[in-house]
Amino acid sequence: MYKLLIVDDEPMTREYIRMNASGLHREWMCAGEAGDGQEALDLLDLGETFDLIITDIKMPVMTGIELARELAARPDRPRVVILSGYDEFALAKEAMHYGVGEFILKPLGNEE
């Protein structure tokens, strides 16, 4: 079973991903949620492990880019996918610099 962490300041987005993740592939389970990047780091610092983090890019406290930068410095970092309602090339380029695997635009559909 693969573990997913959803990081988004919008509860409805977290709920949508949580409700649909295992339905898209039965080997995935939502193992955690956080409302911003700092909450996600706090979970990791407590010893939680995840195979994938799906994070919004713009959130209060700590953005998805800042989270990706922090994770890039860790030897055992999970894969990261960034969600954004902003179609900005500069954001995508910066995210890729920190090892982000995908940059997906909101609103989400099952295909993504």
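Mentor: In what follows, buried means under 20% relative accessible area, exposed means over 50%, and partly exposed covers what lies in between (1.4 Å probe, protein chains only). The model is predicted, so that local features need pLDDT of at least 70 and side-chain atom pairs count only at pLDDT 80 or more, while totals for chains, interfaces and linings use all residues. Residues are numbered from 1 along each chain as its sequence is written, and side-chain values use heavy atoms, with hydrogens and water left out.

Trainee: How many salt bridges does the count come to?

Mentor: A salt bridge is taken as a side-chain nitrogen of Lys or Arg within 4 Å of a carboxyl oxygen of Asp or Glu. Under that rule, the count comes to 6.

Trainee: Which parts does the pair of glutamate 33 and arginine 18 tie together?

Mentor: Glutamate 33 forms a salt bridge with arginine 18, with the closest N and O atoms 2.3 Å apart. Helices (H or I, at least four residues) and strands (E, at least two) are DSSP runs numbered from the N terminus. The two residues are 15 apart in sequence, so the pair ties together strand β2 (residues 28-34) and helix α1 (residues 11-24).

Trainee: Is aspartate 45, the partner of arginine 74 in a salt bridge, buried or exposed?

Mentor: Arginine 74 and aspartate 45 form a salt bridge whose closest N and O atoms are 2.9 Å apart. This pair links distant parts of the chain, the loop between α3 (64-72) and β4 (79-84) on one side and helix α2 (residues 37-45) on the other, 29 residues apart. Arginine 74 counts as partly exposed at 25% relative accessibility, whereas aspartate 45, at 53%, is exposed.

Trainee: Which residues do salt bridges with shared partners join into one network?

Mentor: Lysine 106 forms a salt bridge with aspartate 56, the closest N and O atoms being 3.5 Å apart. Lysine 106 lies in the segment after β5 (102-105) and aspartate 56 in strand β3 (residues 52-56), so parts 50 residues apart in sequence are tied together. Aspartate 56 is buried, its relative accessible area being 4%. Through shared partners, the salt bridges make one network of Asp8, Glu10, Asp56 and Lys106.

Trainee: How wide an arc do the buried residues of α2 cover around the axis?

Mentor: The buried residues of α2 are Gly37, Ala40, Leu41 and Leu44. They lie on the same side of α2, which follows from their arc around the axis being only 95°. The arc is that of the directions from the helix axis to the C-beta atoms, and its value is 95°.

Trainee: Which residues does leucine 41 touch, not counting those up to four places away in sequence?

Mentor: Leucine 41 is found in helix α2 and, at 4% relative accessibility, counts as buried. Contact here means heavy atoms within 4.5 Å. Beyond its neighbours up to four places away in sequence, leucine 41 touches Met62, Leu67, Glu70, Leu71 and Arg74.
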